[in-house]
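Reader: I have the entry open and would like to go through it with you, one piece at a time. Where shall we begin?

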Amino acid sequence: MNPLARRTAKLERAAHPDANSIAIIIRRIIDPDGDEVVRAVSGDQIVDRCADEAEDDFVERAKAEALARTERRPCRVLLLPEQALQ
């Protein structure tokens, strides 16, 4: 990463310190019978894990659903070297 790209990324992080964070609480609930429920909570949204779903897949799905319910949208800015010098 060149110095200009590093500075640009640093300025973007400073302008939006929580832009990449989503508040999600993942709960693993086990009842006395031994049945397990894994649930992700983000605000008032609840996402339950499917029985055959891998844990990593569930976490990614919960993050995507939480992000989809916010007004923030992921974006990427590419600055070509000839544009940076103008």
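**The helix and the sheet**

Author: Let us begin with α2, which has 14 residues and spans 20 Å from its first C-alpha to its last, close to the 20 Å expected at 1.5 Å a residue. The expected span is 1.5 Å times one less than the number of residues in the helix. This is a predicted model, in which local features need pLDDT of at least 70 and side-chain atom pairs count only at pLDDT 80 or more, while totals for chains, interfaces and linings use all residues. Residues are numbered from 1 along each chain as its sequence is written, and side-chain values use heavy atoms, with hydrogens and water left out.

Reader: Which residues of α2 are buried?

Author: F58, A62 and A66 are buried in α2. They lie on the same side of α2, because they cover an arc of only 65 degrees around the axis, the arc being that of the directions from the helix axis to the C-beta atoms. Buried means under 20% relative accessible area, exposed over 50% and partly exposed in between, with a 1.4 Å probe and protein chains only.

Reader: And which exposed residues are on the face turned away from that buried side?

Author: That face of α2 carries the exposed residues D56 and A68.

Reader: What covers the buried residues, then?

Author: The cover includes β1, β2 and β3. As for the names, helices (H or I, at least four residues) and strands (E, at least two) are DSSP runs numbered from the N terminus.

Reader: Okay, the sheet next. In what order do the strands come?

Author: The 3 strands form an open sheet in the order β1-β2-β3, with antiparallel pairing. β1 and β3 stand at the edges, each with a single partner strand, so one side of each is left without a neighbour in the sheet. From one strand to the next, the twist averages 25 degrees. α2 packs on this sheet and touches β1, β2 and β3, and its direction makes about 155 degrees with that of β3. Axes here are lines fitted to C-alpha atoms, for helices over the stretch in contact, and angles run from 0 to 180 degrees between N-to-C directions.

Reader: How many bridges join β1 and β2?

Author: β1 (residues 25-30) and β2 (residues 36-42) pair over 6 bridges in the antiparallel sense, where pairing requires that DSSP finds at least two bridges between two strands. I26 stands opposite A40 in β2, and A40 in turn stands opposite V47 in β3. The hairpin of β1 and β2 has 5 residues between the strands, and G34 takes a positive phi near 95 degrees there.

Reader: What about the hairpin of β2 and β3?

Author: That hairpin has 2 residues between the strands, with G43 at a positive phi near 65 degrees. β2 and β3 (residues 45-48) run antiparallel and are joined by 4 bridges. R39 stands opposite D48, and S42 has Q45 as its bridge partner.

Reader: Different topic. Where does E53 lie?

Author: E53 lies in the loop between β3 and α2 (55-68). E53 is buried because its relative accessible area is 14%. Its side chain makes a polar contact with the side chain of R61 at 2.9 Å. A polar contact is a pair of N or O atoms within 3.5 Å; within protein, one must be able to donate a hydrogen and the other to accept it, and residues adjacent in sequence count only if both atoms are side-chain atoms. Not counting residues up to four places away in sequence, E53 touches F58 and R61.

Reader: Last one: how many helices and strands are in the protein chain?

Author: The protein chain has 3 helices and 3 strands, which run α-β-β-β-α-α from the N terminus on. Of its 86 residues, 13% count as buried.

Notes
Contact = heavy atoms within 4.5 Å.
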